[in-house]
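Trainee: Could you take a close look at the salt bridges here and walk me through them?

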Amino acid sequence: MRPDWAEAERLIARYGATSPRAQILRQYGYPEKLEHLKAMNGETEVWWYYTRGISFKFSYGEFRGQSNFEPIRGAGTKPPAR
């Protein structure tokens, strides 16, 4: 099991097994970055998968769409532990 899969399973349980978030988590795994944005019109959450070139946007708890971009190579890699 990948280290981040436990966190993905926690989110699947939180949002429901058939939710759009659960489907994304099953297909792409835990996001490389979770971004929470607050604006006058509410809160938006963006899940970034840099190495895959895709992000998913949620607003008011609902799926609002995805954006595709050129994958960023090496963005998901971490430096070796010392």
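Mentor: Start with Glu 7 and Arg 10: both sit in helix 1 (residues 5–15), 3 residues apart, or about one turn of the helix. Helices here are DSSP runs of H or I with at least four residues, strands are E runs of at least two, and numbering goes from the N terminus. This is a predicted model, with residues numbered from 1 along each chain as its sequence is written. Local features need pLDDT of at least 70, side-chain atom pairs count only at pLDDT 80 or more, totals for chains, interfaces and linings use all residues, and side-chain values use heavy atoms, with hydrogens and water left out.

Glu 7 and Arg 10 form a salt bridge, their closest N and O atoms 2.4 Å apart; the term means a side-chain nitrogen of Lys or Arg within 4 Å of a carboxyl oxygen of Asp or Glu. Glu 7 is partly exposed at 27% relative accessibility, and so is Arg 10 at 42%. For the cut-offs, buried is under 20% relative accessible area, exposed is over 50%, and partly exposed is in between (1.4 Å probe, protein chains only).

Next, Glu 45 pairs with Arg 21 in a salt bridge with closest N and O atoms 2.6 Å apart. That one links distant parts of the chain, with Glu 45 in strand 2 (residues 42–49) and Arg 21 in helix 2 (residues 20–28), 24 residues apart. Both Glu 45 and Arg 21 are buried.

Then there's Lys 38 with Glu 43, a salt bridge at 3.9 Å between the closest N and O atoms. Lys 38 is exposed at 72% relative accessibility, while Glu 43 is partly exposed at 39%. The count comes to 3 salt bridges.
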